[in-house]
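Notebook open, model loaded. I want to go through strands, domains, core and ligand shell in turn.

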Amino acid sequence: MTTSGNIVEQTQQYLIENYGRLPLAVARGAGAKLWDADGREYLDFFPGFGAGGVAGHCHPKIVQTVKEQAQTLLSHGNLFTSAPQVDLARRITEKAFGGKVFYCHSGAEANEAALKLVRLAAGEGRYKIISFNDCFHGRTMGALSLTPESFQKGFEPMLPGTVKVDFGDLDATAAAVDGETAGIFVEPIQCEGGVTVPTAEFMQHLRKLCDRKGILLVCDEAWTAPARSGKWFAHQHYGITPDVMTLAKAIGGGLPLGACVAGPKWADVLAPGTHGCTTGGNPLCAAAGAAAMKLIEDENLVARAAAKGEQMAATLRDANIPRVREVRGKGFIIGLQLDEAKVAKDVMLACLDRRLIVCVAKNNVVRIAPALTTDDNLLDSGLEILIDVLKA
Ligand SMILES: Cc1ncc(COP(=O)(O)O)c(C=O)c1O
């Protein structure tokens, strides 16, 4: 019989231990519920580490779309195009800022594409990229170069010309731009960095700075889109339009997909031969992504994320939990900053004992990012468990 225990044992034997996995093998999911291989049920407030962010696990409409697509066409080379690729790209660009889409599989790859696009667009001699302390853009060498030093140990030298400044520091950002700067990468909410929401003033300043200096602004929305923050794309909270946007996690409706969206002015920068990805925009993943985008529209999930997200944050604030310094976030991405470093993981494990899946960010923030379709009762009972654990 396959049990959680022997899957965990074989995991240790066959899989590289680069994640620090918990000893838990999952087997089945439905909506906000997840079951382990021994049949224990969990309430999942962090489905797929963001990938299940729209509809949780195995939503019937996404499953049906995937089934139909799997029976029709599983893959095609990118010398050809297909309806699912076009359908998803149309849905993304219509809700964002027009332009065109390049597909890949992950957030890191989307940022690699954006890096190359920015370098090409900026022109010769302009190669420097500014990003922010506490950001996260991925683990490949280019994306890692934009990510803080704590992730880079042992992998130096990084890409030349990557400069980090404090998130929210207007003056430092302006001072970091010089004649060799090509662009700025920013998360419209820093998620891995602790669920930090910038001010609209800061984001607007970045836009103006990029315009003034003739450099590109890239918003990394791997965590925040689609719809999670209570807008289709989180940059829309600040009334700005980036030049380029990167997407991953939930954009594939639970399947692996990444995307780099270039605004109209930059849509043809990645000309034939400049970049590629053999299975990027695989029709199965693109169809699942389009089904998730359709679900958001049909079920009005942008408005739900905004309204219910605010209510959840208020519930957590009103609980007056002595160990919680701050509750922050937007929509369905909420972080609770604890008063002491390194206890967030204990909270995560205590929640797991109570069959609630939450996550940590940095070392003192507990993070929840439930699926947007999670019903009110389940959200309320999950919050009750979380508050209970935090009070204990
Ligand atoms: C904002 C952001 N960008 C990029 C990435 C990297 O995505 P992936 O793990 O799909 O490469 C992450 C991952 O958490 C992220 O939070």
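I started at strand S3 (residues 41-44), which runs parallel to S13 and is joined to it by 2 bridges. Strands and helices here are DSSP runs numbered from the N terminus (strands E, at least two residues; helices H or I, at least four). Two strands pair if DSSP finds at least two bridges between them. Asp 44 stands opposite Ile 357 in S13.

Before going on, I noted that this is a predicted model: local features need pLDDT of at least 70, side-chain atom pairs count only at pLDDT 80 or more, and totals for chains, interfaces and linings use all residues. Residue numbers run from 1 along each chain as its sequence is written.

Next I looked up the whole sheet. It is open, with 4 strands in the order S1-S2-S3-S13 and mixed pairing. Strand S1 (26-30) and strand S13 (356-357) are at the edges with a single partner strand each, so one side of each has no neighbour in the sheet.

**Domains**

**Core**

The largest nonpolar core has 113 residues, and Val 118 and Ala 259 have the most contacts inside it. A nonpolar core is a set of buried Ala, Val, Leu, Ile, Met, Phe, Trp, Tyr and Cys residues joined through C-beta atoms within 7 Å; buried means 20 or more other C-beta atoms within 10 Å of a residue's own, with C-beta atoms placed from the backbone. Helix H8 (residues 283-298) gives the largest share of this core, 11 residues. Both domain 1 and domain 2 give residues to the core, so it lies between them. I then checked Val 118: leaving aside neighbours within four places in sequence, it is in contact with Ile 129, Ala 182, Gly 183, Leu 216, Val 218 and Val 244.

**Ligand**

Last, I listed the 14 residues around the ligand (C-beta atom, placed from the backbone, within 6 Å). Ser 106, Gly 107, Ala 108, Gly 138 and Ala 222 come nearest. Helix H4 (residues 107-122) gives the most to this shell, with 3 residues.

Note on methods
A residue is buried if 20 or more other C-beta atoms lie within 10 Å of its own, exposed if 12 or fewer, and partly exposed in between; C-beta atoms are placed from the backbone. Domain bounds come from an automatic or database domain assignment. Two residues are in contact if their C-beta atoms, placed from the backbone, lie within 7 Å.
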